[in-house]
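Here is a short tour of a pocket and of the helices packed beside one another. Have the sequence and the structure open as you read.

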Amino acid sequence: MAGKMKMLGAVAGDIIGSVYERRNTKSTDFELFGDRSRFTDDSVMTLAVAKWLLEDEAHSIRHLIICMQELGNRYRHAGYGGRFKAWLGADNPQPYNSWGNGSGMRVSAVGLYAKTLDEALALAALTASVSHNHAEGVKGAQAIATSVFLCKQGKSKQEIKEYVVKTFGYHLNRTIEEIRPNYHFDVSCQGSVPEAIIAFLEGNSFEEVIRLAISLGGDSDTIACMAGAIAACMYPIPDAIVEQCGALLTSDLKFINDQFVEFIGTRR
């Protein structure tokens, strides 16, 4: 760690995108941080999954739910959808067949943690299954987790693209310029996971990937969260972004982030 804080790419993407979720921009020329910048449910649930991986070697569904409910209820106003907010408050939460991108935005820790592609696929499906058990919800989680895993393994963008297209059937031959004009708010995995991956494929630095992702408009924080998760495995996150995001995390969330980053460094 060399005494310098590291930041999960998903968290950085979420915080930068938070300003633009409800105030979309269709440009890559925007301020990365402002008075309204904050972490949202994307960061909270990403760190809940990271906490689960840190604490539970058996990878039990029960402990995953405990971690998600514990952090989710601690940050009740982070921006959850209505059904997921009800899930957080349930005594016996059940999956509700969601295809929403909540499964994709929280899963990146799995790709960083997994030692094999099969493990990444299996754990990603598990993290989706507790709420987002629709086939598209599971697929979205698996696509992000395996993109992170493959990028971490040093695979090229072309190799990652080919794997995602072949395995999940996403259409990744579009460009951001082609998508942007008619893109609208879409919280489905099928309508945002491919776009996040395309932003990663096009960008040539972490910041550029985030700017491309947010410039689509729509569910900006979640698209940037997913794109940033992959990009951080290929490009360093600039120190200024790490410092700004670190300053916006609460001490308990920062602690989980730091613990997890340090932990995955020992698994490589």
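Ala, Val, Leu, Ile, Met, Phe, Trp, Tyr, Cys and Pro count as nonpolar, Asp, Glu, Lys and Arg as charged, and the others, Gly among them, as polar. This is a predicted model, in which local features need pLDDT of at least 70 and side-chain atom pairs pLDDT 80 or more, while totals for chains, interfaces and linings use all residues. Residues are numbered from 1 along each chain as its sequence is written, and side-chain values use heavy atoms, without hydrogens and water.

**The largest pocket**
- The lining of the largest pocket is made up of 10 nonpolar, 11 polar and 11 charged residues.
- Of its 32 lining residues, E21, D41, G79, Y80 and G81 are the closest to the centre of the largest pocket.
- Helices (DSSP runs of H or I, at least four residues, numbered from the N terminus) contribute too: α2 (41-55), α4 (82-89), α5 (102-105) and α13 (220-231) each give the lining at least two residues.

**α2 against α7**
- Contact means heavy atoms within 4.5 Å; V49, W52 and L53 of α2 meet L123, L126 and T127 of α7.
- This contact of α2 with α7 has five nonpolar residues, one polar and no charged.

**α2 against α3**
- On α2, V44, M45, L47, A48, V49, K51, W52 and E55 meet H63, L64, C67, M68, E70, L71 and G72 on α3.
- The contact of α2 with α3 comprises 10 nonpolar, two polar and three charged residues.

Note on methods
1 Å grid on protein atoms, 1.4 Å probe; cavity = no way out; pocket = protein on both sides within 12 Å on 5 of 7 lines; lining within 4 Å.
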